[in-house]
Amino acid sequence: MPPFDEYQQKIIKDPAKLSFDYVPQTLVHRDKEMQRLFSIFRQVVEGGLGQRAFLTGNVGTGKSVLSKRFCLDFQEWGNEKGKGMDFVVVNCRARNTPASVLLKIIDHFDKGFPDRGFSTTEMLEIMRKHINRKKIHLIVVLDEINVLIKKSGTDLLYALTRFDEESLGGEHRLSLILISQRPVYEFLDPATLSTFKRTNTVQFDNYNKEQLWDILRDRTELALYPGTIEDETLELIADIASEWGDARFGIELLENAGMIASEENLEMIAPDHVRSAKAMTHSVVTESNLQSLSDHMLLALLGVSMAIKSKAYITTSEAEKAYALASEEFGESPRAHTRYWEYLKELDGYGLLSLKLSGKGHVGKTTLISLPDIPSTALSEKVREMLGSRGLG
Ligand SMILES: Nc1ncnc2c1ncn2[C@@H]1O[C@H](COP(=O)(O)OP(=O)(O)OP(=O)(O)O)[C@@H](O)[C@H]1O
Ligand SMILES: [Mg+2]
């Protein structure tokens, strides 16, 4: 017999409550954002209109979870007022083509709908039929919409914003909630952007330490056995996560610290378990994320993290110079300019840095680089470690 039954878990009572897709009954410190979303959408129920909202903010600021909580509560509220409401949440990182997004929506109404053989136009019509037949108003949440746009352009988005145009003064049937970390105007072309003029933005700010503490306290009560973590230890987690303002990182730390303490057969999480957990994880810059990068992509990333130290943004030429220095440091010769560009674009695709066109204050259009969610020193450290472990330098 394996000894599994003897392994005890005296800390985590309910792991599901720590999972990324758990939706708590109430969201701490997000009243203002919830209210704003409600005031945008109340016209759906009270005026028969279709609405659009754009949720934006950094990693782990509660955009995804709030959109789900909102849809659940709004559906209930609408139904109470006699308005048939429904919603579908699509993660565009997993579904980054128009067909796969539409398939997910149709599947919501018709399980087992075949996954090929229909054009997007046909699929839109099928979707319309389902909505009309059920006489509902549908909210479609497109989470991580930037990935869909990057991969497949804006055609689907455009079609969805025009969905109700032929209703000729009748009731509108479709609303959209679009979610991405960066503001939408950074990746839409001007023509598409003008269609989005009347889209309301809800900005999610980073959580501070006190807010994270409250979120974590709440989650502890749901997921852990009572008395398994002291306030001070929880404060350490909040403190670490507040560097990024990222609630997901905080919850991950809590979970991993709990697992480490359990493996040591203890009944309480100690500060050192938190520190070990921190060494194990980070939200974007995980060991496995870096592992999958080539040596020169790592060097490109190292260059950016070195050059950006005291700045919010750097230009690509500043970054390329730093890349050359980083290469030299590790005894490599830097690759040609066009190659370097490919590295940057790929790193952008992985979310390890982000590229955007400069606005005011720069002559002409230059591309600027920023690090979305990790302090540059922490990143340099991680990348150096990884390069070292590959025997470079
Ligand atoms: N105000 C809150 N109250 C309780 N839990 C929260 C709150 N905000 C975020 N969380 C939790 O933190 C984690 C991260 O939140 P979420 O997934 O919504 O972030 P996000 O903004 O969508 O991040 P990303 O941009 O990386 O997708 C989830 O487990 C979520 O339940
Ligand atoms: Mg999200």
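Predicted model: local features only at pLDDT ≥ 70, side-chain atom pairs only at ≥ 80, totals over all residues.
Entry 1: I began with His-29, which comes out partly exposed at a relative accessible area of 35%. My cut-offs here: buried is under 20% relative accessible area, exposed is over 50%, and partly exposed is in between, with a 1.4 Å probe and protein chains only. His-29 is not a glycine, yet its phi is positive, about 60°. I found His-29 in the segment before α1 (31-47). Helices (H or I, at least four residues) and strands (E, at least two) are DSSP runs numbered from the N terminus.

Lys-135 sits in the loop between α4 (120-134) and β3, and is exposed at a relative accessible area of 61%. I looked these up because most residues other than glycine have a negative phi.

**Entry 2: ground rules.** Residues are numbered from 1 along each chain as its sequence is written, chains are lettered from A and ligands numbered from 1 in the order in which they are written, and side-chain values use heavy atoms, with hydrogens and water left out.

**Entry 3: ligand 1.** Which residues come closest to ligand 1? I got Val-28, Lys-63, Ser-64, Val-65 and Tyr-207, out of 19 residues that surround the ligand; a residue is near if one of its heavy atoms lies within 4 Å. Helices α2, α8 (209-223) and α10 (247-263) each give at least two residues to this shell.

Next I went through polar contacts, meaning pairs of N or O atoms within 3.5 Å (within protein, one must be able to donate a hydrogen and the other to accept it, and residues adjacent in sequence count only if both atoms are side-chain atoms). A backbone N or O atom of Val-65 is 2.8 Å from an oxygen atom of ligand 1. From the side chains, a polar atom of Gln-181 lies 2.9 Å from a ligand oxygen atom, and an N or O atom of Arg-219 also lies 2.9 Å from an oxygen atom of ligand 1. Taken alone, ligand 1 exposes 620 Å², and the protein buries 95% of that; areas are Shrake-Rupley with a 1.4 Å probe.

**Entry 4: rings.** I describe a pair of aromatic rings by the distance of the centres and the angle of the planes. The rule: rings of Phe, Tyr and Trp (its six-membered ring) pair if their centres lie within 6.5 Å, and planes under 30 degrees apart count as stacked, over 60 as edge-to-face and the rest as tilted. That gave me 9 aromatic pairs. Phe-70 and Phe-74 have ring centres 5.1 Å apart and planes at 20°, so I logged the pair as stacked. They are 4 residues apart in helix α2 (residues 63-80), which means about one helical turn separates them. Phe-70 is buried at 3% relative accessibility, and Phe-74 is buried at 2%. Ring pairs also link both into a cluster with Phe-38, Phe-41 and Trp-77.

I checked for a charge over a ring too (NZ of Lys or CZ of Arg within 6 Å of the ring centre and within 35 degrees of the ring normal). The charged end of Arg-128 sits over the ring of Phe-163, 4.3 Å from its centre.

**Entry 5: β3.** Is strand β3 (residues 137-143) mostly covered or open? Covered: 7 of its 7 residues are buried. On one face I have His-137, Ile-139, Val-141 and Asp-143, and on the other Leu-138, Val-140 and Leu-142.

Two strands pair if DSSP finds at least two bridges between them. β3 runs parallel to strand β2 (residues 85-91) over 7 bridges, with Phe-87 bridged to Ile-139. On β3 there are also 6 bridges to strand β4 (residues 174-180), again parallel, and Val-141 stands opposite Ile-177 there.

**Entry 6: the three-strand sheet.** I found an open sheet of 3 strands in the order β6-β8-β7, with antiparallel pairing. β6 (314-315) and β7 (354-357) are at the edges with a single partner strand each, so one side of each has no neighbour in the sheet. β6 pairs with β8 (residues 367-370) over 2 bridges: Ile-314 stands opposite Ile-369, and Thr-315 is bridged to Leu-368. β7 and β8 pair over 4 bridges, and Lys-356 has Leu-368 as its bridge partner. Both faces of β8 are covered, with Thr-367 and Ile-369 buried on one side and Leu-368 and Ser-370 on the other.
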